[in-house]
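Q: I have just opened this one and have not looked at it before. Can we go through it together, a piece at a time?
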Amino acid sequence: FKKGQIFKPEMDQIIEERYRLEKKLINENFREKNVLIISSDDTYLLHLTNKSSLLNINPLTGIISKKDLEFSLQKVYQLCPKKIAVDCNAIGNCPFEWKLNYYVYPYQTILDQINQHCHLQYRPKMCTSQLCIVVAN
């Protein structure tokens, strides 16, 4: 208060600490500006890493219908990325058991659609406790 910082924003610092390992994971695995992050925290992760999403809908939780899903994946279908950052729940690789609502967080549906359209199968390469980098074989 004495330093004149009574309205100092704290959110950036909180987000930076919360996603410190995920930021490092993304930056070390993606040199390109446009990336695919399949996570309910995609907006925070994109902001922290100064990346842009390959999805046409952000946040990912805005995908609520089959029409939304097809629209959101248009750029992804064109590129068929070899690497994706994906929530550990989508591949059953979380260090804790976390049951998410399938309809609110459509991780697996999105991943299945990409696999089907691009004829790829993604396997985990490395993970934090929240996020994994998956690579197509």
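Q: Let me start with strand β6, residues 131-136: is it mostly covered or exposed, and how many of its residues are buried?
A: This is a predicted model, and in it strand β6 is mostly covered, with five of its six residues counting as buried.

Q: Which strands pair with β6, then, and in which direction do they run?
A: Strand β4, residues 83-87, is joined to β6 by five bridges, and the two run antiparallel. Strand β5, residues 122-127, is also antiparallel to β6 and is joined to it by five bridges.

Q: Can you give me some residues to look for, such as what stands opposite Ile133?
A: Opposite Ile133 of β6 you will find Ala85.

Q: How many residues lie between β5 and β6?
A: There are three residues between them, and the two strands form a hairpin.

Q: What is the strand order in the sheet they belong to?
A: The order is β2-β4-β6-β5, which makes an open sheet of four strands with mixed pairing. The edges are taken by β2 (37-38) and β5, each of which has a single partner strand, so one side of each is left without a neighbour in the sheet.

Q: Changing topic to the helices, how do α1 and α2 cross?
A: Helix α1, residues 11-18, and helix α2, residues 20-29, have axes that come within 4 Å and cross at roughly 70°. Since angles of 65 to 115 degrees count as roughly perpendicular, the two helices are therefore roughly perpendicular to each other.

Q: And which residues meet there, and of what kind are they?
A: From α1 there are Glu16, Glu17 and Arg18, which meet Arg20, Glu22 and Lys23 of α2. The residues of this contact divide into six charged, no polar and no nonpolar.

Q: Stepping back, what does the whole chain come to in helices and strands?
A: The protein chain has six helices and six strands, and from the N terminus on they run α-α-β-β-α-β-α-α-β-α-β-β.

Q: How much of the chain is buried, and what about its surface?
A: Of its 137 residues, 41% count as buried. The accessible surface comes to about 8600 Å², and 53% of that belongs to carbon and sulfur atoms.

Q: One last thing: what share of the contacts join residues at least 24 apart?
A: Among contacts between residues at least 6 apart in sequence, the share that join residues at least 24 apart is 56%.

How values were computed
Residues are numbered from 1 along each chain as its sequence is written. This is a predicted model: local features need pLDDT of at least 70, side-chain atom pairs count only at pLDDT 80 or more; totals for chains, interfaces and linings use all residues. Side-chain values use heavy atoms; hydrogens and water are left out. Buried means under 20% relative accessible area, exposed over 50%, partly exposed in between (1.4 Å probe, protein chains only). Two strands pair if DSSP finds at least two bridges between them. Contact means heavy atoms within 4.5 Å. Accessible areas come from the Shrake-Rupley method with a 1.4 Å probe; for residues, only the protein chains shown count as cover. Axes are lines fitted to C-alpha atoms, for helices over the stretch in contact, and angles run from 0 to 180 degrees between N-to-C directions. Angles under 35 degrees count as roughly parallel, over 145 as roughly antiparallel, 65 to 115 as roughly perpendicular and the rest as oblique. Ala, Val, Leu, Ile, Met, Phe, Trp, Tyr, Cys and Pro count as nonpolar, Asp, Glu, Lys and Arg as charged, and the others, Gly among them, as polar.
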